[in-house]
Amino acid sequence: MSKRKLMRIVVALVVAGLAWFAKEQGWIAEEGEAAREKLPGQSAEGEYTPVAFSGAEMELLEGCELIGGRNNDGDSFHVRHSEGETEFRLYFVDTPESAFKTYGGGESNGERIREQGEYFGGLGREETTTVGKAAKGFVKKVLGEGRFKVLTKWEDVYGPDRKYALVVVEWEGDEVYLHELLVGQGLGRIHTRGADLPKGRSWREQKDFLKGLERKAREDKVGAWSF
């Protein structure tokens, strides 16, 4: 056998070995499937981020319970936990207002609703508040089905009455971050303060990851992206 022919065989074997390894790692699609780009920290199947509970200087509150509150909505709600009761506001996500409201002095939330509608491709006030009602109902159902977990640094939200937090819920047999679930369901925009994830991404990397979930929600026409 000539040296040239032997070299071709060796190269072919190396290429085949690399292809097998890439397929085993999930970097390329199985035969007959379209190739799928993996987002950072996400499986090829599009799973949400694996949850961790240490590594980001956050306090873990377990066995939390949703309680009634006048301001409860899709991204802010009152919670009973081992240290008392707190109104928590989600990091990363803003859900649309569930109703048009007027306040003292003639002010209203109309401009905020307009901004939220613009974010979702130019929704009108009625469409935007419809999404807000859906987000509020979705979160009430998810949090009301059982105890959930909260990770917080006790950061104030424009004052001491509300605190930023990551909320972890059960979803299809796994623990997932609620803010990711809202973006993935087309019920919240990527907006407001972020935070580094425990043993995971920086807040900047997490925002990039959320943009990937949002792209898929938009492509699938779910939630606010269905109008």
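This is a predicted model: local features need pLDDT of at least 70, side-chain atom pairs count only at pLDDT 80 or more; totals for chains, interfaces and linings use all residues.
Which residue lies over the face of Phe-100? Arg-125 does, at 4.0 Å from the ring centre. A charge is said to sit over a ring if NZ of Lys or CZ of Arg is within 6 Å of the ring centre and within 35 degrees of the ring normal.

Residues are numbered from 1 along each chain as its sequence is written, and side-chain values use heavy atoms, leaving out hydrogens and water.

The structure holds six aromatic pairs (rings of Phe, Tyr and Trp, the last by its six-membered ring, with centres within 6.5 Å; planes under 30 degrees apart are stacked, over 60 edge-to-face, the rest tilted). One of them joins Tyr-91 and Tyr-164, stacked at 5.3 Å centre to centre with 15° between the planes. The two are 73 residues apart, with Tyr-91 in the loop between β3 (84-90) and β4 (93-94) and Tyr-164 in strand β6 (residues 162-171). Strands (E, at least two residues) and helices (H or I, at least four) are DSSP runs, numbered from the N terminus. Tyr-91 counts as buried because its relative accessibility is 0%; buried means under 20% relative accessible area, exposed over 50% and partly exposed in between, using a 1.4 Å probe and protein chains only. Tyr-164 is buried too, at 4%.
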